[in-house]
Amino acid sequence: MIQKKSQLQESMMKKLGFLMVLFIFLLALPEKSFAAVDTKVILDGTELVQPENTKAEIIDKKVMVPIRVVSESLGYDVLWNKQTQTVTISKEGMHIEMTVGQKAAKVNTETVDIDAPPVIKKGTTLVPLRFIGEQMNLKVGWNNKAKTVTLTSPIPEVVIDEGGTAPVTPPPSETGGTIIDGASPSGVSTVSAISFNDNRLIVTTSGKVGPKIFAMKAPDRLVIDLPNSAFAPSFGDGQALNGSQMGELVITDSSDVTKVRYSLFTREPSAIRIVLDLRQATSYQLVSDDSGLYVVDLNVDGDVGGAPIVPPISSDGKKIVVIDPGHGGVEPGKVALTGLQEKIINLTLSLKVEQLLKQVSAINVVMTRNDDTTLSLSNRAKLANALNADLFVSLHANGYTTSTASGTETYYARDSSIPLAKTIHRYLVEATGLKDRGVKYGNYHVIRETTMPAVLLETGFMSNASDLAVITNETVEMRMAIGIVEGIKEYLGIK
């Protein structure tokens, strides 16, 4: 009897011990319940792309989303005051102000209560999605089984013209931007390159995507949506693209654009959004061809928007000359013992050539790049082809495994380019004063894939100290630029 009582007491003690451990464990849990499941956000039938490190979560039974989703996916303007920990969200005259930890928000001038205050997690501010969505007239739904938020935009108002014409839908912006719709492809096209040169956004795709372009205000932006598109696997090799499929280009030499941002906007269906951050509202035109090259040209006058123009600058009867500074961005080209990179030499000479060509009234000059931008070989050739250029000149500096190689040489890839190669080469050799290495065949992409006469110039050898001193001398650079321009003019028959 005593033994059974002892066993019973021991069993009770074990159970009591387990309950105490469980109680302590429950006390250790945080007061707020952060859902570990992957919460999806669907806007008008398409899934929004969320940052990899911080996604939408369920906190105290409320769906909270990173402010990046609000700003980049829903198209709101978001300001974050780190000192006061205040988020201000604006769109189309609506202003919402919320502070981390506070259940009172300000909508325009009115103070309202919210059931879920903003929180900070992993350095990212999360805000209540339902409150924001409803303030912006979005219908918000929740599928608990699928852990999915659905957002539905209101049906846009239809305006009937007094003349009895068919209804028209108002444009999505207040700046007069025209939506330019192309034919949607049957499959997903890949974007292989995005660059910005000469105040032009250049996008290369594997097929037609039918861009949709519109302007936004406060601040001024130009938005280019590429439906049925995704980034090519090789895109990140030459341009910034993080794990969340987002990247940007900082623009320093444009009077109109400060930054180009791009991201995978939706996954189902897959679509890419490109945003040009503008200094002020500006005019634009879309230039496209059948090869998958799209150029948003800001060098236009008149109303914002406009129909596609192909080619963009040949209507004035001038000859179109494309100057291609070799390499650039993450591709430095050859590197001298001094540390000087070829891409710098190429760009310096090319800019001098550009300035001289601009003084020739019978020539329109286009640069494939005018700054230290990464640009694919195919993008350079496609740009020249889309412009229906009259000739293409790619500028390079040479290099070799030994320091003895020296001289100037010119390459062509097609017989039709030989006359151009011989003409420019004659002037270039005279300008450098270096050894004449001749005109040669070369199977280089930019002169092989272009459809007009095209040459690749090798001014001198960076691996040779004497050659390097010559081709980087400012006086010689100007002589080379003048020689190249004179060769171009002679070939084109321009006096």
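## Briefing: a predicted protein model

Of the 495 residues of this protein, 49% count as buried, meaning under 20% relative accessible area with a 1.4 Å probe and protein chains only. The model is predicted: local features need pLDDT of at least 70, side-chain atom pairs count only at pLDDT 80 or more, and totals for chains, interfaces and linings use all residues. Residues are numbered from 1 along each chain as its sequence is written, and side-chain values use heavy atoms, without hydrogens and water.

**Overall build**

- The protein has 10 helices and 29 strands. These are DSSP runs (helices: H or I, at least four residues; strands: E, at least two), numbered from the N terminus.
- Take the contacts between residues at least 6 apart in sequence: 65% of them join residues at least 24 apart. A contact means heavy atoms within 4.5 Å.
- The accessible surface comes to about 24600 Å², and 54% of it belongs to carbon and sulfur atoms. The areas come from the Shrake-Rupley method with a 1.4 Å probe.

**Confidence**

- The mean pLDDT is 77, and 75% of residues reach 70 or more. pLDDT is the predictor's confidence in each residue, from 0 to 100.
- Over residues 155-186 the pLDDT is below 50, and this stretch has 48 contacts in the model beyond near neighbours in sequence.
- Residues 301-315 also stay under 50 in pLDDT. The model gives them 35 contacts beyond four places in sequence.
- Where pLDDT is low, the predicted coordinates should not be read in detail.

**Helix α5**

- Helix α5 covers residues 342-357. The expected span is 1.5 Å times one less than the number of residues.
- α5 is mostly covered, with 12 of its 16 residues buried. Among them are Ile345, Leu349, Val353 and Leu357.
- These buried residues pack against strands β24 (319-325), β25 (363-367), β26 (391-398) and β29 (454-461), and against helices α9 (465-471) and α10.

**Helix α10**

- Helix α10 (residues 474-492) has 19 residues and reaches 27 Å from its first C-alpha to its last, close to the 27 Å expected.
- Its buried residues include Val476, Met480, Ile484 and Leu492.
- Asn473 caps the N-terminal end of α10: a side-chain oxygen lies 2.9 Å from the backbone nitrogen of Thr475.
- Just after α10, Gly493 takes a positive phi of about 75°.

**Ser195**

- Ser195 sits in strand β14 (residues 189-197). Ser195 is buried, with a relative accessible area of 0%.
- Leaving aside residues up to four places away in sequence, Ser195 touches residues including Arg200, Gln239, Thr373 and Asn379.

Technical notes. Buried < 20%, exposed > 50% of the residue type's maximum accessible area, 1.4 Å probe, protein only. Polar contact = N/O pair within 3.5 Å; in protein donor to acceptor, adjacent residues only side chain to side chain.
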